[in-house]
Amino acid sequence: FVMITAQNDSSVRGLSLSGGSIGIRVTGTGVTVGGDVVRNMSDAGIEVSGSATIVNNTIVLNALVGLRATGAASARNNILQGNGVGLSGTIVSTYNSVNDGYFNCSIGTGDMNVLVVFTDAAAGDFREMDLQPTIDRGDPADDFSLEPSPNGSRINLGAFGNTILARASPVAGGGSLAWVDAGGFLRVGP
């Protein structure tokens, strides 16, 4: 079953959805889906047949696809991991962590391919653990002001970016992170 259907000019925000066939189905236009954890669907985490902006979500462990768009979707600052395929269809992707690939769409500016460790995924807690490469990796133009200090002056990826539940930035001198970006290149940074 479809858990949520979003129609024209609506928003779906701050939900944790699991156990359906499709978590969020967007049939309308001008829809925003943000700050949601969408997991363990038997088909797709999010399906867009209309048009939508999909921003700062954690989309994990969905059987066939994390985000499928037969309409038009803009995806930004999301974590997609453990899905059959991460992104599929007519999607403009920027600043996402896509661990499970692209189908009929392309790697976008700022996208990376990293494995994120969550606080307690088995219990449904999909907040990032400390020192994850998705911390401070969102779109530099997006607001980060609600994140606790130190916040690196940049939004975190996933459902908890720009919230009081966001993971704090690594402290200066606390070491470097290493990850493999979407192009398969090893990157090292703060």
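A residue is termed buried under 20% relative accessible area, exposed over 50%, and partly exposed in between, with a 1.4 Å probe and protein chains only. By this criterion F126, at 3% relative accessibility, is buried. The structure is a predicted model, in which local features need pLDDT of at least 70 and side-chain atom pairs count only at pLDDT 80 or more, while totals for chains, interfaces and linings use all residues. Residues are numbered from 1 along each chain as its sequence is written, and side-chain values use heavy atoms, with hydrogens and water left out.

The protein chain contains 18 strands and zero helices, where helices (H or I, at least four residues) and strands (E, at least two) are DSSP runs numbered from the N terminus. Its C-alpha atoms fill a box of roughly 50 × 35 × 30 Å along the principal axes. Of the 190 residues, 50% count as buried. Contact is defined as heavy atoms within 4.5 Å. Among contacts between residues at least 6 apart in sequence, 22% join residues at least 24 apart.

The protein chain exposes about 8,100 Å², of which carbon and sulfur atoms supply 54%; accessible areas come from the Shrake-Rupley method with a 1.4 Å probe, and for residues only the protein chains shown count as cover. The mean positions of the 10 positive and 16 negative charges lie 1 Å apart. Lys and Arg count as positive and Asp and Glu as negative, without His and the chain ends, and each charge is placed at NZ of Lys, CZ of Arg, CG of Asp or CD of Glu.

A search of the whole structure finds one aromatic pair. This pair is formed by F118 and F126 and is edge-to-face, with 5.1 Å centre to centre and 70 degrees between the planes. Rings of Phe, Tyr and Trp (its six-membered ring) pair if their centres lie within 6.5 Å; planes under 30 degrees apart count as stacked, over 60 as edge-to-face and the rest as tilted. F118 is buried, with a relative accessible area of 10%.

I22 lies in strand β4 (residues 22-26) and is buried at 2% relative accessibility. Not counting residues up to four places away in sequence, I22 touches F1, V2, M3, M41, D43, A44, G45 and E47. I22 and N56, 34 residues apart in sequence, are separated by 18 Å in space, C-alpha to C-alpha. R68, in strand β10 (residues 65-76), also counts as buried, at 19% relative accessibility. With neighbours within four places in sequence left aside, R68 is in contact with D43, A44, I46, E47, V48 and S88.

Several backbone features occur in loops. D9 has a phi near 55 degrees, a positive value in a residue other than glycine. D9 lies in the loop between β1 (2-6) and β2 (11-13) and is exposed, with a relative accessible area of 65%. The loop between β16 (125-128) and β17 (177-180) holds P150, which is joined to S149 by a cis peptide bond with omega about -10 degrees. S153 lies in the loop between β16 and β17; its phi is positive, about 60 degrees, although S153 is not a glycine.
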